[in-house]
2 protein chains.
Amino acid sequence: MRKTNILVIGGSAAGATAALTARRHYPEKEVTLMRQEAVVPIPCGIPYIFGTIGSPAKNVMPDAPLEKEGVKIAVAKVESLDIARQVVRTATGEFGYERLILATGSLPARIPVPGSGKDGVFPIFKDVVRLEELQQRLQSATHVVVIGGGFIGIEFADEIQKMGGKTVTVLEIAPHCLSLAYDEEFCIEMENALRARGVQIRTQARVEEILGNGQVEAVRLSDGAQIPAEVVVLGVGAAPNVELAKAAGIKLGPTGAIAVDRAMETSDPHVFACGDCAEKVSFFKGRPTPLRLASIATLEARTAGANAFGIRREHEGIIGVWATAVGNLAMGTAGLTETAARQDGYDVVAVAVEGPNRHPGTMPGSVMTKLKLIFERRTGELLGGQVRGNGEVGEIINLVSACIQKRMTAEDIALFQLGTHPALTASPVVYPLVNAAELAIAKMAQF
Amino acid sequence: MRKTNILVIGGSAAGATAALTARRHYPEKEVTLMRQEAVVPIPCGIPYIFGTIGSPAKNVMPDAPLEKEGVKIAVAKVESLDIARQVVRTATGEFGYERLILATGSLPARIPVPGSGKDGVFPIFKDVVRLEELQQRLQSATHVVVIGGGFIGIEFADEIQKMGGKTVTVLEIAPHCLSLAYDEEFCIEMENALRARGVQIRTQARVEEILGNGQVEAVRLSDGAQIPAEVVVLGVGAAPNVELAKAAGIKLGPTGAIAVDRAMETSDPHVFACGDCAEKVSFFKGRPTPLRLASIATLEARTAGANAFGIRREHEGIIGVWATAVGNLAMGTAGLTETAARQDGYDVVAVAVEGPNRHPGTMPGSVMTKLKLIFERRTGELLGGQVRGNGEVGEIINLVSACIQKRMTAEDIALFQLGTHPALTASPVVYPLVNAAELAIAKMAQF
């Protein structure tokens, strides 16, 4: 029987990161990454296949970083797992491990309405073959419906729109797209941007049935409207892929994912889990959260990989940080929105600032950037932030995330030394992060 | 006699920020900003006037943010200062204050060589009239020499080169341009980029004399070379403008700037100072430092403004963070370089990573980004970072700066949750900041 020191199951962001981390922390150990796909799509790149990248084959995770660190790659589907004997079973036999890291990811959620299994309805699998099939079908489609106005949904819609010659409609059940991650004023901006690019958006749209004679023909809403569609893309979230773990007797948690502690250890001391398949606890108030993001998966993977042979890391819970881009409009969010913070019972001070992202504003490429920060009133700690602008938004939100994670206060942020440059950033006098913190301090002092 | 609660002298980055901060912290107080210029150039924008912005008039600090916060603006030259009577004297009479914030800035340094006063030699004054004169002279010049290869020097050189029809030569006395702020490998990249854009660079070039019959004609180096020039730009640093303070009996510090404590209070309890005119102490080892940057000036101004009527803030010393851009090449630096850290006696672990700033690398706009981090070996604390890439470099280096300022360790950074997006950032699996921290941890564990 083949045997390895550390076996990672799953080849996406969590699996790859866990394997890399394990090799760096335990250079004397053999690390094997086992995955069922010969090539793995870059998960975040999937929506961009259709209009920007061109084909699924151009959106694959390179094996070079894994190979460079000496990670062994085994392409095989794990059929079952025996945690007592510390082996996994594949079509070609058993494979032993000393430590196992489960990074089995998630499966796209479906919607419980009649017709959701019809030909032409595409849940988003992280699988090159299925994505190629979707791309093929999109070529000839003239009406496309995207169910779900989260970031996956809007990115798909915009990219499919870019293919040309199609009416693309996003259906969102909530009053606004992206409303779990952004306050209303940001959601509206993104909706307006999508509409300006030709995407149809229907909010508060409850899907009742997917119509068609075998093949999908239309989507019927609860208000009776029928929206024609030859292709329906489901962007309604994902459920943890826990079959293997569950069958092996590993405990699941309150949201149905694999239960883990702060060190990403499961109920079996030789088994860790990370990424979409693992339970998550919020950084705020410590409750279970169903949030699934690459930033979370890779944090968990860096934790699991480092802990394989001795606990070296614990993480403090999930902040939730990500960015999205549609054309020249980019938006980023980290932590709690103002709405979510108030719903959670926090007493908050929220401040939004807006100004050019270059100085002077006459510099080429200058656009207006808007930043909103949400502070806890009593401690002054940063709870969340949202930013809207262009290319540098992805890094601005990471700065916000770092501040949240280190529990920085408005006063900490007001005293930051932040570099500025005419061609790269806003002015030092009104640098948005610092400016918003200063305004929040002034606002807090009024109470 | 006119009187105000808080009088700020100086209208550039430090003065404007101090006035804004004072108004926010003391909304019941009148804040007056007194400056000698009707309009104030944006200091960081000055080099970009020549090739990018087009004219000094398009690079002025807007008064709107000041007016919006209720800051009174007085255009007047302060002739003297009486700290016992708490008044300043101008051509139109005396002006009283309860608290005074000196933000008198710096004056461009000259070089002690014969001929440096000739017509055609331009120190860089932050003054619209003088900049217009320089722009005028550059129009007809065919040979331009820039003395000094710091960021001001290289930005001027590149912008003047963009005007077309000129031979532009940078003279740097050190072995490399930018060598106070970047390690050699980064300096070389910038030099190569400048050369590829047609700028001549001579390093280890010591200027002995500026030649010409009244009007400048050439620059003579210690190796005998003569470089023709109708215009010579001096980018050799700046000296604190302390005349007013000195004449009034306010104490100066070890570098000749106005002595201040951590709260930016001077030797007179009613007088604060901030920006280029004030003494600075390094965040690292606490020694006096001559570094002058907008990020420092505005930090000091936010400190001084908040402390005017009661000490509310102290800052921990100067980190030094800034970015620069030449064409599509942008570079940022924060804290200590590896060279400087070793010279200061730190035992350091330095790690550099390089990878595409988009994922997959096939996304449009993808370029290779390089990030170097320098950690103190014993504590794992981040001492410095340098980054080379494109547009988002300005915000990446701010994230690095925040980590330095909060004394974060490699382990803190390895556990960051950082958002990633195909169109905006590197991959979550090898996000540079986290990846470099992980590599540093592995390296530190070897000892």
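1. Two residues are in contact here if their C-beta atoms, placed from the backbone, lie within 7 Å. By that rule, and leaving aside neighbours within four places in sequence, Gln161(B) is in contact with Lys166(B), Val168(B), Arg197(B), Gly198(B) and Val199(B).

2. This is a predicted model: local features need pLDDT of at least 70, side-chain atom pairs count only at pLDDT 80 or more, and totals for chains, interfaces and linings use all residues. Residues are numbered from 1 along each chain as its sequence is written, while chains are lettered from A and ligands numbered from 1 in the order in which they are written.

3. Helices (H or I, at least four residues) and strands (E, at least two) are DSSP runs, numbered from the N terminus. Gln161(B) is in helix H4 of chain B, residues 151–162. A residue is called buried if 20 or more other C-beta atoms lie within 10 Å of its own, exposed if 12 or fewer, and partly exposed in between; these C-beta atoms are placed from the backbone. Gln161(B) counts as buried because it has 23 C-beta neighbours inside 10 Å. Its C-alpha atom is separated by 38 Å from that of Val434(B), 273 residues apart along the chain.

4. Some backbone details deserve a look. Pro360(A) sits in the loop between strand S20 (348–356) and strand S21 (368–376) of chain A. In chain B, His359(B) and Pro360(B) are joined by a cis peptide bond, with omega about 0 degrees; Pro360(B) lies in the loop between S20 and S21 of chain B.

5. Two residues other than glycine have positive phi. For Leu178(A), phi is near 60 degrees. This residue is found in the loop between strand S10 (167–171) and helix H5 (184–196) of chain A, and counts as buried because it has 25 C-beta neighbours inside 10 Å. For Gln204(B), phi is near 50 degrees. Gln204(B) lies between strand S11 (200–202) and strand S12 (207–211) of chain B, in the loop, and its 13 C-beta neighbours inside 10 Å make it partly exposed.

6. Helix H7 of chain A (residues 294–307) has 14 residues and reaches 20 Å from its first C-alpha to its last, close to the expected 20 Å. The expected span is 1.5 Å times one less than the number of residues. Because 14 of the 14 residues of H7(A) are buried, this helix is largely enclosed by the rest of the structure.

7. Chain A holds an open sheet of five strands, in the order S18-S19-S22-S21-S20, with antiparallel pairing. Two strands pair if DSSP finds at least two bridges between them. S18 (321–326) and S20 of chain A are the edge strands, each pairing on one side only. Six bridges join S18(A) to the antiparallel S19(A), residues 329–335. Ala323(A) has Gly332(A) as its bridge partner in S19(A).

8. Chain B can be laid on chain A with an RMSD of 0.0 Å, by a turn of 180 degrees and a shift of 0.0 Å along the axis. That is the relation of a two-fold axis. The same surface serves both copies, since 100% of the contact residues of chain B recur in chain A. Superposition is by least squares on the C-alpha atoms of residues with pLDDT of at least 70 in both copies.
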